Amino acid sequence: MEMKSNTSGKSRQDHEKKDLIIAVAGNPNAGKSTLINAIAGSRLHVGNWPGVTVEKRSASFEFKGRQITLVDLPGTYSLSPYTQEEVIARDYLVTQKPDVIINVVDATNLERNLYFTMQLLELNIPLVMALNMHDEALQKGLIIDTEKISAMLGCTVVPTVATRRDGLDRLLEQAVSFATDPENHTAGHVSYGEDIEKAVATILSELPAYSSVPHTRWLALKLLEADVQVMQASGISVNAPFLGKATRHLRAAHGEDLEALMADTRYALAAGLTREALQKPQKRKRELTERIDAVVLNRYLGIPVFLVAMWLIFKLTFDIAGPFTDWLDGVVAGPLTRWTSTLMALVAAPDWTISLVTEGIIGGVGAVLVFLPPIFAMMFFITLLEASGYMARAAFVMDRVMHAIGLHGKSFIPLLLGFGCNVPAVYATRTLENPRDKALTALLIPLMSCGARLPVYVVFTGVFFAAYAGTVLWSLYILGIALAVAVGWLFKKTLFRGESPAFIMELPPYRMPTMKNLMIHTWEKGKHYLIKAGTWILAISVFVWFGLNMPWGVESKKDSYLGIASQTIAPVFAPLGFGTWEAAASLLTGIVAKEIVVSTMGQVYIPETEEEENQEAPTVGEEIKEIGVSFIGAFGNAAKNVFSTVGVATMSAEEDEETAGLRSVIAKAFTPLSAYAFMAFVLLYLPCFIVLVAMRHEFGSWKWAGVTIAYQTALAWTVAFVIYQGGRIIGLG
Amino acid sequence: MTLADLKPGQCGIITKINVSGALKRRLMDMGVVSGTTVRVEKVAPLGDPMEVHIKSYQLSLRRGEADKIDVEAA
Ligand SMILES: Nc1nc2c(ncn2[C@@H]2O[C@H](COP(=O)(O)OP(=O)(O)OP(=O)(O)O)[C@@H](O)[C@H]2O)c(=O)[nH]1
Ligand SMILES: [Mg+2]
């Protein structure tokens, strides 16, 4: 490798305290995001499966008077990208020219990681190696001679344990030193052998136009490999005579496939270096991961373990969260509403503002906020799956099934994430190599019942199916999954014909997640729901309130603007069993986000004539005490649910007076059959618009968002129709 | 003999990869290159894909792909 041209070094020294950009690159799952979080105090998404980071993210901080930006790149196995997120990593490295690269290397997997290091070195950007997962390497009894690696590659090698922050200070010192003072660090030269080097030299001599590019060596090597994207970008044809001339000898000596030759050469070097620097223990221990997998991926146990794991997640989510939801519901609908209206009356606020705040805002936003417990619980378990390493196993176990419906084992990960929230799930499709898979997976994601739909189910199951709420809740999730299988199969036969691509995935070792990390990442996932409540849902609640109270002084809500608009579309829902204007208004506003269905109901279903609360109002002191007592009670109930029930505990089974308002009205407005049809409709009808925007963003056009809207609307209507009319025929309603 | 013919627990040395294009490059980038030893660890409960140990990590791939990777007995 050539020495760094010294012009850039000189100019850097002139303004000493220049801001620095440090790119963090390496194989997937090597710990790049963890390392950045530890250094910069950021909260980038971390998970124990390859392909967590799919977008370039950065974190900045102050270091010795400098502004340092660490750029987190998606993990990649080589600089010849295969998946979309790998393209992002390579494009960044090649076009943005960071001041220095921190190459995060998984010490337990030296050879494959060094193969990538070889390619980074071709870029001729100063490089510091973080020999990460050093704790696991030691535990395996691996002894790594960092001096040897350092001497051969000409870069500093710093052993690190990103999760424990070990070695990170030194790593950062070294990175800054390499970036600011490259002349003091001799770059190593990795020779690819006489034949290749000769060909490279020939190409370089013919590339005067590109000699200004800092990484001409990389360019020459990519031309030699005939990298399609580089060829296109540089405008050089594969048939360019000078390329033919440069590679003639190579082809004659090593065969036509120069790409394979390059891979072999790099791997040979990586293997050689590994042999030199790595000392393995004499006897290999049977590792924990192997022992766990012997059960989890066992021929006979694999599927049962998978099903039990999924079932446990749902059971625990609802068992633990249920009592807390009841508690929050009580607090919001009772004391909070009362206190607010009393307070506002005290400051002589006009009546309409009191109504706006209590009915519109507390009624609307509050109806959604009470579902924080199950949503956070669900996010917690998804984080646990991600952090432990089971996520990749689930993809492995499910690949066969996914393949049958035209998908890919890896599609399973976005689909599972979809149960938390569909939006990140759509972005997670990026790890799928092929556009066909991506699109098909994204189309099916909205059928995974996300946390936002839960409030609707809980309200309805509580009213109509209190005795077997768990089963009904389950049936809705299963309905979504079953329809995804059917729709996937249908799409495979129509829109997405053709071979589904290969499944090649690394299975990471199991890792014990720390409580702190679980908490951070659960919060990072769940906070979006809170933000949504404070923005969209708040705005829509206010909008709905005005819609229901305008024209000003309207007597009945039915004659309000929203009432009239809803009445016109209500007949569409009549064959489904819920052709009322109230249901139509809820569904209409629910397009923004599905929780809004409930929050709008909280407003439209308030009894028209205020029932006067004649009973003695409790004092503030009593109420606070009651809130505290019932909160402690919720813990007891949660524990009881977890240990005493085999099925999924019912949520909000007990009928408490505070929340009886909405429930009693709904009980009159629906029958159990129409309630079930309504829930199925909410599950299936078009995804919230944030998901549509995510699809647009991910696919660069509205095409797939459009397909989703069309097929889901049709599906929702048909399924609800079949449920309601079918149910009536067999005499259920 | 191909990788797909190996039973769990058996090892082989890769001799040739009979695919082309991006898939071949991907396999090579992940360490599936001639001369490398692979050991079949497991077959998924439903019969596909399989898990192999290569270059000190666990890789999973479908039988369809494994069938295109020639190996010789180790
Ligand atoms: N034991 C141990 N685990 C680590 C270390 N560094 C990271 N991890 C764990 O390794 C897993 C992967 O970490 P990430 O930071 O998500 O890896 P990444 O390189 O960003 O992965 P991608 O974004 O998928 O490319 C997580 O479970 C981390 O907790 C380490 O030094 N030691
Ligand atoms: Mg990452």
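The structure is a predicted model, in which local features need pLDDT of at least 70 and side-chain atom pairs count only at pLDDT 80 or more, whereas totals for chains, interfaces and linings use all residues. Residues are numbered from 1 along each chain as its sequence is written, chains are lettered from A and ligands numbered from 1 in the order in which they are written, and side-chain values use heavy atoms, with hydrogens and water left out.

The magnesium ion (ligand 2) is coordinated by S33(A) through OG and by T53(A) through OG1, at 1.9 to 2.1 Å. S33(A) belongs to helix 2 (residues 32-40) of chain A and T53(A) to the loop between helix 2 and strand 2 (57-63) of that chain, so the pair ties together parts that are 20 residues apart in sequence. Donors here are N, O and S atoms within 2.8 Å of the metal (3.2 Å for Na, K and Ca); water is not among the atoms, so sites may look incomplete. Helices (H or I, at least four residues) and strands (E, at least two) are DSSP runs, numbered from the N terminus. S33(A) and T53(A) are both buried, where buried means under 20% relative accessible area, exposed over 50% and partly exposed in between (1.4 Å probe, protein chains only).

For E136(A), a polar side-chain atom lies 3.1 Å from a nitrogen atom of ligand 1. A polar contact is a pair of N or O atoms within 3.5 Å; within protein, one must be able to donate a hydrogen and the other to accept it, and residues adjacent in sequence count only if both atoms are side-chain atoms. Taken alone, ligand 1 exposes 660 Å², of which the protein buries 94%; accessible areas come from the Shrake-Rupley method with a 1.4 Å probe, and for residues only the protein chains shown count as cover. Helix 2 and helix 5 (134-139) of chain A are the elements that give two or more residues to the shell around ligand 1, and the largest share, three residues, comes from helix 2. Of the 24 residues around the ligand, K32(A), S33(A), T34(A), G51(A) and T53(A) come nearest, a residue being near if one of its heavy atoms lies within 4 Å. The shell divides into nine nonpolar, 11 polar and four charged residues. In this division Ala, Val, Leu, Ile, Met, Phe, Trp, Tyr, Cys and Pro count as nonpolar, Asp, Glu, Lys and Arg as charged, and the others, Gly among them, as polar.

Two further helices of chain A were examined. Helix 3 (residues 84-96) has 13 residues and reaches 18 Å from its first C-alpha to its last, close to the 18 Å expected at 1.5 Å a residue; the expected span is 1.5 Å times one less than the number of residues. Its buried residues include E85(A), E86(A), A89(A) and R90(A). Just after helix 3, K97(A) takes a positive phi of about 45 degrees. In helix 21 (residues 454-464), 10 of the 11 residues are buried, so this helix is largely enclosed by the rest of the structure. Among them are P455(A), Y457(A), F460(A) and F464(A).

Polar contacts were also found at two buried side chains. N132(A) lies in strand 5 (residues 127-132) of chain A and is buried at 2% relative accessibility. A polar atom of its side chain lies 2.8 Å from the backbone oxygen of A30(A), and the side chain of N132(A) makes a polar contact with that of T160(A) at 3.0 Å. T429(A), in the loop between helix 19 (422-428) and helix 20 (435-444) of chain A, has a relative accessible area of 0%. The side chain of T429(A) reaches the backbone oxygen of V426(A) at 2.6 Å.

Some backbone features fall in loops. N124(A), which is not a glycine, has a positive phi of about 65 degrees; N124(A) lies between helix 4 (110-122) and strand 5 of chain A and is buried, with a relative accessible area of 15%. Phi of R165(A) is also positive, near 65 degrees, but R165(A) is exposed, with a relative accessible area of 53%. In chain B, a cis peptide bond with omega of about -5 degrees joins D48(B) and P49(B), and P49(B) lies in the loop between strand 2 (37-43) and strand 3 (50-54).
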